[in-house]
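Work through the exercises below with the model open. Try each task before you read its solution.

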Amino acid sequence: MISKKNTKKIYFDLLKIRTIEEIISERYKEQEMRCPIHLSIGQEAIAVGICHNLNNYDQIVSNHRCHAHYLAKGGDEKKMINEFYGNSDGCSGGRGGSMHLFDQKKGILSSVPIVSSSIPVGVGAGFSFKYNKKKNIAVIFIGDAAIEEGVFYESLNYAKIFSLPVLFVCENNLFSCFTNINERQPKNLIKKISKSFGMKTHFLNGNNAIQIANKSKKIIEEIRLKNEPQFILLDTYRVLEHCGPYEDDHLNYRNKKEIKYWKENCPLKKLEKILVSNKILSKSSLRNYRLSYKKKYNLIFEDCKKSKFLGTKLNNIKLYA
Amino acid sequence: MPKKRILTASQAINEATIMAMKKDNSVYVIGEGVNDPKEIFGTTKNLKKIFTSKRVIETPISENAMTGLCIGSAMMGLKPIQIHQRVDFAILALEQIINNCAKAFFVSNSKHTVPMVIRMIIGRGWGQGPMHSQILDSLFAQIPGLKVIMPTFPKDFKGMILSAIKDRNPVVILEHRWLHNIKGDVPKKYYLNNINKIKKINNGHDLTIVANGYNLLEVIELKKILKDEKISFDLFDLNILQPLETNAIINSVKKTGRILVIDSGFKNLGIGSEIISRISETCMEKLKSKPLRIGLPFVPTPSSRFLAKSYYLNKKRILISILQVLNKKKIKNNLSKKIKSNIPIDVPDLSFKGPF
């Protein structure tokens, strides 16, 4: 079971991500963060719950929607925000933008916006752990559409046949941009596919951070011990548009009831309920935390926005190491 | 003078791989067939025996994920040598090569490196056909972040592969199947050959020739015939396609005033097009005759030897091109007659009996 202290930590991690994402959403119209953004609002619990059980040497790989994974794994928020502003202090010095977040010191190996492209890279990190006899694991965050790419199957096969310490975490938010999973995949394929590779497969509620942290703890320990890949499938929902800062419910590609259901099951609200009912934090302190986080991170955004680009000029960028 | 040590190119590749693996535990070999009885044309011979299957890894037929796996492991500090028995299979991995392999260093603000070697074997002859004999040199050379090399001589195979393995960047090695059995002096020691700057391998006055791979050997064989006519040439071994360093070629053209570039791949949009563009931009006024590029015609490779006959360049066609650049058409027929060959068009030498 997750201790009170850790429950609080999970809450603070989630609140931090939510706050930062909301500030991006508010400030995007200032037209200073000039790169595509894919906000994680509604999907943060998975990143927080899983990364709760990882150490700095464990590696994660992510995709276009990488903010939550990056922050949950301990990625430097200033470097992330600077990257959105195109600043030289960004994690990739302004070269990558929002879809290439990484932090070497924190075990965030790579985020790649081409769907599924980072999967084999994560498998490679797992391969390196086994090769060097390290007790670390690689976690591969993917969405439901990733399983439509050929390289996904190739990668499952490698992870299994080479017995690699890899955890696949599939966040099913039902949509690939605007296209529903039912238009893209045979029914329940996503639940069966990893099993058919002989992998232990788990189904979890993607909006319950505490439960995810609890259940994945055991899974991750088992992977460390046995060098065998496992697969977790989690249902969740993206609250805002696929790419950009706004809601897009007026486009009517998603069912109104469905939207309502998932908004009521917001991972932050869920967590707050747990905190209050278990008397870990009071309602008023939750309100205070929300306000103080907002203030704190708004100041960081303000700072980053003012920052000047002092990096290498294009002509001086080295092509080779 | 130390005694010469004659090895084939495939033996040289094998020796280089063993040396690198002995020197550095993080080097591993991976690919479809690396442990099979054919041993990638002898180039992976004995590797499994010496280094076990932990470091010599037979794989599923999944080039794209295999490449991603290599990239991920390289970003974590390992040094994979990935092998494709034909370039054409590597195309399945283009997404990983172009996105992750080539860009990791750039997109990580120079923090990640991908010290990875990808050996891709170019097929030719014996009916290989359109999907077993592509060269795609300019395709890979088009991608910033990759190094692309194409050794010809056994001693370069060894030294350049050792350099490629040691290099912190991803290096694509285009390896011509017809060069595997070429013999040459290969020093026994560990040594590194430059993979950043091409070299002039012959000095002359009348024209500048740039060639690589099998064509380069054909040019060298023409040397004597041309010498008899008192024709000499500067010859560049274009064994490094990226970084493409052309200053030495340009300086040579300033001296000779004449240039022939022989592409191993397509003439159309080939490396030769880039080299001649650079020459045109920098020293057009020094040219005494039109620059010339030759290479493969812009059609897929046909399988039949009757069709392949006019597909590939050969000594005679190269000679005619040289004479064209020199404006010496008169001696053409005379010299062409001196080139005789009893070797069929679809094999590198008479010992080659197929099938692959």
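This is a predicted model: local features need pLDDT of at least 70, side-chain atom pairs count only at pLDDT 80 or more; totals for chains, interfaces and linings use all residues.

Residues are numbered from 1 along each chain as its sequence is written, while chains are lettered from A and ligands numbered from 1 in the order in which they are written.

**Exercise 1. Describe the side of chain B that touches chain A.**

Step 1. Count the residues. Chain B puts in 30 and chain A puts in 32; two residues are in contact if their C-beta atoms, placed from the backbone, lie within 7 Å.

Step 2. Find the elements. On chain B, α3 (63–75) and α5 (94–107) give two or more residues each. Helices are DSSP runs of H or I with at least four residues, strands are runs of E with at least two, and both are numbered from the N terminus. α3(B) gives the most, nine residues.

Step 3. Sort by class. This side of chain B has 12 nonpolar, 15 polar and three charged residues. Nonpolar covers Ala, Val, Leu, Ile, Met, Phe, Trp, Tyr, Cys and Pro; charged covers Asp, Glu, Lys and Arg; the others, Gly among them, are polar.

**Exercise 2. Locate the largest nonpolar core.**

Step 1. Define it. A nonpolar core is a set of buried Ala, Val, Leu, Ile, Met, Phe, Trp, Tyr and Cys residues joined through C-beta atoms within 7 Å. Buried means 20 or more other C-beta atoms within 10 Å of the residue's own, exposed 12 or fewer, partly exposed in between, with C-beta atoms placed from the backbone.

Step 2. Domain 1 (6–185) and domain 2 (199–336) of chain B both contribute residues, so the core lies between them. Domain bounds come from an automatic or database domain assignment.

**Exercise 3. How many residues of domain 1 of chain B are in contact with domain 2 of chain B?**

Step 1. Count. The contact joins 22 residues of domain 1 to 22 residues of domain 2.

Step 2. Name the elements. On the domain 1 side, α6 (137–141), β6 (147–149) and α7 (154–166) of chain B each supply at least two residues.

**Exercise 4. Which residues of helix α12 (residues 315–325) of chain B are buried?**

Step 1. List them. They are I318(B), L319(B), I322(B), L323(B) and V325(B).

Step 2. Check the side. These residues span an arc of only 160° around the axis, so they sit on the same side of α12(B). The arc is that of the directions from the helix axis to the C-beta atoms.
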